[in-house]
Amino acid sequence: MARISLTPDRTPLIRIVEWYSKRTYGKVLEPLMALSHNRRVLITTSRFELSVGRWKKLDPQLKALAELASATVIGCSWCTDFGYWLSRGHGIAHEKLRDVPVWRESDVYTPLERDVLEYAEAMTVTPPAVEDEQAERLRQRLGDAAFVELTSMIAVENLRSRTNAALGLHSQGFKDTCAVPAGARADRAPADR
């Protein structure tokens with residue numbers, strides 16, 4: 001259960017936030033409702049997230065894996081649920097997203113993806129455990145601009161996940177909407193195949 005009300009006063013700003021959230025994501029995002037108790041925090045966070053969305057130097061699949069790895073280490077079910085849903089919407093393989101918590105035992109990742117997952121975990125633990133050769137290996141493979149973006153994305157996900165976990169936010173069921181309903185393929189007309 002959330003540690004703060006998710007039903008703030010319905011001011012004009014909150015109505016706009018609810019409308020935008022429903023229009024963009026299909027439901028009102030609980031982190032936005034939690035932050036809505038402080039107008040400046042809500043506005044600053046929203047502007048920041050819009051800016052982060054414009055970062056384009058890092059491959060989006062690597063970015064998604066790093067974010068999920070960080071959220072998994074922190075244990076934020078809201079972030080892993082939402083991150084999975086967003087990533088599936090961008091075409092990232094289910095197996096790669098599913099195996100993030102056990103990436104060391106999985107055979108679905110490339111060597112670069114493994115380095116990214118390891119780096120995300122190393123940045124997320126407290127205190128951070130990033131090693132020089134680990135960072136240099138990624139910097140050499142990604143280039144300076146993408147390496148800085150990767151590092152910053154992991155830090156951003158730490159902010160998100162730690163905030164949501166501390167506020168007691170849990171999965172909103174986004175991942176559930178990714179699955180193909182049972183029998184959906186069998187129900188399709190032959191012309192659709």
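A pocket here is an open set of grid points with protein on both sides within 12 Å along at least five of seven lines.

**Figure 1. The largest pocket of the predicted model.** The space in the largest pocket comes to about 1,400 Å³. Its lining comprises 41 residues, and those closest to the pocket centre are Tyr25, Glu49, Phe82, Leu86 and Arg160. Two or more lining residues come from each of the helices α1 (12-25), α2 (30-35), α3 (39-52), α4 (60-74), α5 (77-89) and α9 (144-166). Sorted by class, the lining has 25 nonpolar, nine polar and seven charged residues.

**Figure 2. Salt bridge between Arg160 and Glu49.** The closest N and O atoms of Arg160 and Glu49 are 2.7 Å apart. Arg160 belongs to helix α9 and Glu49 to helix α3, so that the pair links distant parts of the chain, 111 residues apart. Glu49 has a relative accessibility of 26% and therefore counts as partly exposed, since that class lies between the buried limit of under 20% and the exposed limit of over 50%. Both residues are also among those closest to the centre of the largest pocket. A network of salt bridges links Arg160 and Glu49 with Glu67 and Glu157. In total, the structure holds 13 salt bridges.

**Figure 3. Salt bridge between Asp115 and Arg137.** Here the closest N and O atoms are 3.1 Å apart. The pair links distant parts of the chain, with Asp115 in helix α7 (residues 111-124) and Arg137 in helix α8 (residues 132-142), 22 residues apart. Asp115 counts as buried because its relative accessibility is 10%, whereas Arg137, at 33%, counts as partly exposed.

**Figure 4. Salt bridge between Asp144 and Arg139.** The two side chains meet with an N to O distance of 2.6 Å. Asp144 is partly exposed, with a relative accessible area of 47%. Arg139 is likewise partly exposed, and its relative accessible area is 29%.

**Figure 5. Nonpolar surface patch around Trp19.** Trp19 is located in helix α1, one of the elements that give two or more residues to the lining of the largest pocket. With a relative accessible area of 52%, Trp19 is classed as exposed, because the limit for that class is over 50%.

Notes
Residues are numbered from 1 along each chain as its sequence is written. This is a predicted model: local features need pLDDT of at least 70, side-chain atom pairs count only at pLDDT 80 or more; totals for chains, interfaces and linings use all residues. Side-chain values use heavy atoms; hydrogens and water are left out. On a 1 Å grid over the protein atoms alone, a cavity is a set of points where a 1.4 Å probe fits but cannot get out, and a pocket is an open set with protein on both sides within 12 Å along at least five of seven lines; lining residues have an atom within 4 Å of a point. Grid points are joined across faces, edges and corners, and a volume is the space filled by probe spheres set on the points. Helices (H or I, at least four residues) and strands (E, at least two) are DSSP runs, numbered from the N terminus. Ala, Val, Leu, Ile, Met, Phe, Trp, Tyr, Cys and Pro count as nonpolar, Asp, Glu, Lys and Arg as charged, and the others, Gly among them, as polar. Patches are made of residues with over 30% relative accessible area and no salt bridge: like charges are joined within 9 Å, nonpolar side chains (Val, Leu, Ile, Met, Phe, Trp, Tyr) within 5 Å. Accessible areas come from the Shrake-Rupley method with a 1.4 Å probe; for residues, only the protein chains shown count as cover. A salt bridge is a side-chain nitrogen of Lys or Arg within 4 Å of a carboxyl oxygen of Asp or Glu. Buried means under 20% relative accessible area, exposed over 50%, partly exposed in between (1.4 Å probe, protein chains only).
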